[in-house]
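Dear colleague,

Please read them with the structure open beside you.

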Amino acid sequence: MHWLFIAGFIGLAMYMAVDLLGLDSTKPYDFIAGFGLGIALGDVILGIIFTSRYTAKIKAFKMRLLHKA
């Protein structure tokens, strides 16, 4: 979980660097900024899910799906 949040921080840092330097309209840098922001947002969503009270229910649901497949 710790490494997940570090990846989110790195993604946010990538986005902020490109945005603050004003490179977000240049072709390769707009992808880098979007990728970094996507990593950061995805990690926040995963962090919310993993730290919620529903984690055990989600894990049990996934295990039921895998055993039926």
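Helices are DSSP runs of H or I with at least four residues, strands are runs of E with at least two, and both are numbered from the N terminus. The model is predicted, so local features need pLDDT of at least 70 and side-chain atom pairs count only at pLDDT 80 or more, while totals for chains, interfaces and linings use all residues. Residues are numbered from 1 along each chain as its sequence is written, and side-chain values use heavy atoms, with hydrogens and water left out.

The protein chain has three helices and zero strands, and its C-alpha trace spans about 50 × 25 × 15 Å along the principal axes.

Helix 2 (residues 27-50) holds both F31 and F35, which are four residues apart, about one turn of the helix. Their ring centres are 6.0 Å apart and their planes stand at 20°, so the pair is stacked (rings of Phe, Tyr and Trp, the last by its six-membered ring, pair with centres within 6.5 Å; planes under 30 degrees apart are stacked, over 60 edge-to-face, and the rest tilted). F31 is exposed, with a relative accessible area of 59%, whereas F35 is partly exposed at 46% (buried is under 20%, exposed over 50%, partly exposed in between, with a 1.4 Å probe and protein chains only).

D43 also has its place in helix 2, and D43 touches L4, F5, A7 and G8, not counting residues up to four places away in sequence (contact means heavy atoms within 4.5 Å). A polar atom of the D43 side chain lies 2.7 Å from the backbone nitrogen of G8.

Note on methods:
Polar contact = N/O pair within 3.5 Å; in protein donor to acceptor, adjacent residues only side chain to side chain.
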